[in-house]
Amino acid sequence: MARGENSESHGSGNVPAAAPAAVGKQAPAAARGADGQSVVRRLQSELMALMMGGDPGVSAFPEGDNIFQWVGTIDGSAATAYEGTSYRLALSFPSDYPYKPPKVKFETPCFHPNVDTHGNICLDILQDKWSSAYDVRTILLSIQSLLGEPNNDSPLNTQAAALWANQEEFRKMVEKLYKPA
């Protein structure tokens with residue numbers, strides 16, 4: 001895997017009831033044993049914490065009945081080039097989560113120095129700085145923060161990195177390329 005690659009709205013409250021079905025239906029084979037049960041419990045716990053936490057501008061839920069595949073959303077923060085935008089993310093959790101990070105990709109096109117044209121994200125906590133202490137909330141808030149504070153020393157999109165210094169032109173490109181889901 002190349003360096004930097006890392007491959008919505010609130011529900012009706014029925015999500016936790018659907019989560020246990022994920023174990024038998026679509027959980028990876030390695031996740032069906034005793035260790036896998038702890039991964040499922042961890043993801044269910046993170047889901048409940050997200051639902052109860054109320055962090056503005058971030059959310060995530062399992063996609064269908066597969067607890068290992070989530071759809072997340074982040075809203076661009078106020079006073080940034082991303083204000084007024086909302087981005088859809090795909091999160092894919094490995095069977096050894098939280099000891100390995102999930103793969104996270106933008107599904108909504110995002111013009112950003114640390115996001116390539118395929119939606120891959122260059123963010124240290126999704127790479128070499130991962131810790132099992134991190135959770136979905138931390139990931140979403142970190143990506144939301146990254147939107148307004150890119151790491152131009154490690155760009156995946158050199159055009160976006162070069163344009164970042166001119167925020168007026170950068171905002172125009174964000175608006176031009178933004179395609180809400």
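Reply: Threonine 73 has a relative accessible area of 9% and therefore counts as buried, the cut-off being under 20%. The model in which this residue is seen is a predicted one. Threonine 73 belongs to strand 2, and its side chain makes a polar contact of 2.7 Å with the side chain of serine 59.

The aromatic side chains come next. A pair of aromatic rings is described by the distance of the centres and the angle of the planes. The structure contains 10 aromatic pairs. Tyrosine 82 is buried, at 0% relative accessibility, and phenylalanine 170 is buried with a relative accessible area of 0%.

Another edge-to-face pair is formed by tryptophan 130 and tyrosine 134, at 5.6 Å centre to centre and with 65° between the planes. Here tryptophan 130 is buried, at 13% relative accessibility, whereas tyrosine 134 is partly exposed, at 25%.

Tyr82 and Phe170 also belong to a cluster linked by ring pairs, together with Tyr87, Phe106, Phe111, Trp164 and Tyr178.

Phe170 leads on to helix 6, where the buried residues are Phe170, Met173 and Val174. Because these residues cover an arc of only 100° around the axis, they lie on the same side of helix 6. An α-helix has 3.6 residues a turn, so residues three or four places apart point the same way. Strand 3 and helix 5 (158–163) are among the elements that cover the buried residues of helix 6. The face turned away from the buried side of helix 6 carries the exposed residues Glu168 and Lys176.

One further buried side chain carries an annotation. The UniProt record, an unreviewed entry, places the feature "active site" at Cys122. Cysteine 122 lies in the loop between strand 4 (103–106) and helix 4 (136–148), and its relative accessible area of 11% makes it buried.

Notes: Residues numbered from 1 in each chain as written. Predicted model: local features only at pLDDT ≥ 70, side-chain atom pairs only at ≥ 80, totals over all residues. Heavy atoms only, no water. Phe/Tyr/Trp six-rings, centres within 6.5 Å; stacked < 30°, edge-to-face > 60°. Buried < 20%, exposed > 50% of the residue type's maximum accessible area, 1.4 Å probe, protein only. Helix = DSSP H or I, 4+ residues; strand = E, 2+ residues; numbered from the N terminus. Polar contact = N/O pair within 3.5 Å; in protein donor to acceptor, adjacent residues only side chain to side chain. UniProt positions renumbered as here; feature names shortened; annotations may be inferred. Arc of directions from axis to C-beta. Contact = heavy atoms within 4.5 Å.
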